[in-house]
Amino acid sequence: MSDQIILVVNGKRHTVQAADDTPLLYVLRNELGVTGPQYGCGEEACGACMVLIGDQATTSCKLPVSRVGTSRITTLEGLMEEGELHPVQRAFLEEQASQCGYCLNGMIISTAALLWKTPHPSDVQIRQALDGNLCRCGSHPRILRAVHRAEALSAERED
Amino acid sequence: MAARKPDAWLDDWIAIGTDGMVTAFSGKVELGTGVRTALAQIVAEELDVPLERVRMVMGDTALTPDEGYTAGSMTISSSGTALRLAAAEARRAMLEMASERLDATLEELSVQEGAITVTHDPQRSLTYAELMGGKRFNLRVTDQAPLKPPETYQIVGTSVPREDLPRKVAGQPVFIHDVRVPEMLHARLVRPPSSGAKLMAMDESSVKDMPGLVKVVQRGDFIGVVAEREEQAIRAARQLHVQWQAHRVYPRMEDLYRALREQPTEDRVLVEQGNLEQAFAGATRQAHATYYQPYHAHASIGPSCAVADVQGDRVTVWSSTQGPYPLRGALAELLNFPADNVHLIHVEGAGCYGQNGSDDVAADAVILSQAVGRPVRVLWSRAEEFLWEPKSPAMAVELHGGLDSQGSVVAWEYQVWSPSHARRPRVANQLLTAQLLAGEPAPTPRFSYGAERNAPTNYAFPAQRVTVHYVPDSFLRVSSFRSLGGSKNTFANESFIDELAAAVGADPIEYRLRYLHDPRERAVLAAAAEKADWESRPSPRTSESALADGRGVAFARYENDQAIVACVAEVQVERDTGVVRVKRLVVAHDCGLIINPDGVRNQIEGNLIQSLSRALKEEVEFDETRITSVDWGTYPILTFSEVPAIEILLIDRPDQPALGAGEPATVITAPAVANAIFDATGIRLRQTAFTPERVREALSERGKTD
């Protein structure tokens, strides 16, 4: 029942032991010690558990680990490069776009995916892209500002 | 400003390290509001040290003072005050030491960045670390040490960034959910399908060959499965065959408010002023209205989680509780251990806004760890959180007003029916775990509390009576939720005064100002009106367009003597669908001295959005045996597409005491929106949530009567 599974997480190959149908979230958190993605609902309805698979923001709470294959998985901690925050992380910090911070992982991952696909999103596009990410503290206005700031910071990096 | 504990040992609050670091101890906990940063600002300011040299230790029963619960927007005013006095005492003590060692008078000394210097001879200087040499103060906080005048503040009053966010944006382990201890096992619970259901049979053989399963623990109606790995615990909990017998325990939803009001009640008259009966008899007009508000879920984004390690007669518990010491007492009682044998360490959870499942899950972890003799981590599922977390109670309010020939209020009678909002587990039997172990429902609380909050208004009506009818049976499990009865009472008060203003054709703000005499209160209402470009006219505007626009206002002084808040809401109602779009919320806010302006703004934004979500969308649903709001589909909350523009005006009062900002703005949103819907359409919604169905129904009712 337990299988050896190869995963590529934050640029590193890992061999883990897990039953095929184990959701990716538990393998990341408990076998690989990754703490960015969080359990929120287990039903792909809140976005707290999001990771990037390739460049897609994907919920990890139901996705069987055996279905991921060797696609590149990037978690919140993997967005950092050489100890430097990713522009989206920096933007969230600069806007103080958080209260409890439990939803932050999904917000940042969703924003990173959005800006790769749509470097200059409209306000409506941003809201739609984040509608699957729930926040109970009401940090929405700051998060919206952070996405705009991330857009500017990412554009700077491109230049 | 009085000290909370004037005889407290200074060393319980402040320690100076040999490295120059200042450690400050607070019995309060960080609930995601940023108080860790704000408290550090207060300490750094009063001690004259750079902020980065202050380290806060919070909510650990082995290290910090007992400050009860972190609740009621009290952290800044209580723990902040205690720390301010302690820091001032420490500063005075070190100045006296320096005076002796530097052979200078106190007047000759100045303090900068944690060093005391002889002002006219800067070579003679000692740092706090050198003065203390790692020793304790061995002094008590006297309450007499001079406090820095607020006009000299350099750290307090500034928007320093939150100290926790760099870790959080980087995904570092900071939450209770991230706690891992050696030899730790994972557990999940198998709960009854509904409150009061009894265990009939459990077939342990249904899970006997499951990989990783360590133990099935069953005591009374409490069942937990413990496994080596988290996914194994989840699978075993799902596969375990259990039969329950459910009972009818709830009224039908349509009968709820009648069932609440039919109970024998414990009545308290909060305000009795003037001769009410005479005032009504002399009134030229009278009005009646009844308001209803449902149960609300805290609905934390992360379900409750805890880790416990029971070793013999000692236990270490990692918990996101709001009350480390009270929970310690309840757990000690549950285990029959001395309280000193329970070490409770607070770790941040997802935002809780009141009593969610954090206390209960700690008890679950304790029971399971004791059963297996190893540390156990328990995480509730999303559905468990919705089913078992204590809800904000449903409330019904009846209002009766009498007007004179000028249309002004001469008589005001307020009656509220509510269960107690206080069910916090100071004692074991308020813990869900204890109730399941014993197979007995929660006992009725020893005292009722919370429904009186903001039942009285700050309006100077000549004759008034305000009565709380405490209802013993809450049906659903209830406890504290942000502002307790404050938001539900304010919805009724601020809707009714709007109804009276409309009845006499008065502008809603002008009408409120007739009864407000406190200059600070008047200033807040006027500031909100100005910022919102309020156009003075009576409501409703009676436009018949398919998209009806309106604006509404609400005002309150939280707990009648705390922060003052006013909100102007601008809405658009789509007549065909009944959808209410809130376009803009403008708020004026006076919470006295502001410690961290950006932190206060963050709290106000959060209060507005969460309370708007409650007003527009939220209602815990149930049938006669069980709660049916069990996930984000059946208990939807506000999403990004529904979030309005928010504009906040902070009124800083550096000469006034600092008041909490964690709750006040939560009370004004629902009435401001209801009043704006009335302004737009002429329909008066006296029950939340303002769902499209309810709006359509009210519009069609109005169509019939017109």
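Helices α15(B) and α16(B) are oblique to each other, because angles under 35 degrees count as roughly parallel, over 145 as roughly antiparallel, 65 to 115 as roughly perpendicular and the rest as oblique. This is a predicted model, in which local features need pLDDT of at least 70, side-chain atom pairs count only at pLDDT 80 or more, and totals for chains, interfaces and linings use all residues. Residues are numbered from 1 along each chain as its sequence is written, while chains are lettered from A and ligands numbered from 1 in the order in which they are written.

**α15(B) with α16(B)**
- The axes of α15 (residues 597-617) and α16 (residues 669-681) of chain B come within 8 Å and cross at roughly 55°.
- L608(B), S611(B), L612(B), R614(B) and A615(B) of α15(B) meet T669(B), A670(B) and V673(B) of α16(B), contact meaning C-beta atoms, placed from the backbone, within 7 Å.

**α12(B) with α16(B)**
- The axes of α12 (residues 486-503) of chain B and α16(B) come within 8 Å and cross at roughly 30°, and the two helices are therefore roughly parallel to each other.
- On the α12(B) side the contact includes F491(B), E494(B) and D498(B), and on the α16(B) side A670(B), N675(B) and F678(B) are among the residues involved.

**Chain B against chain A**
- In chain B, 44 residues are in contact with 48 residues of chain A.
- To the side of chain B that touches chain A, α15(B) gives the most, with seven residues.

How values were computed. Axes fitted to C-alpha atoms, helices over the stretch in contact; angles between N-to-C directions. Helix = DSSP H or I, 4+ residues; strand = E, 2+ residues; numbered from the N terminus. Contact = placed C-beta atoms within 7 Å.
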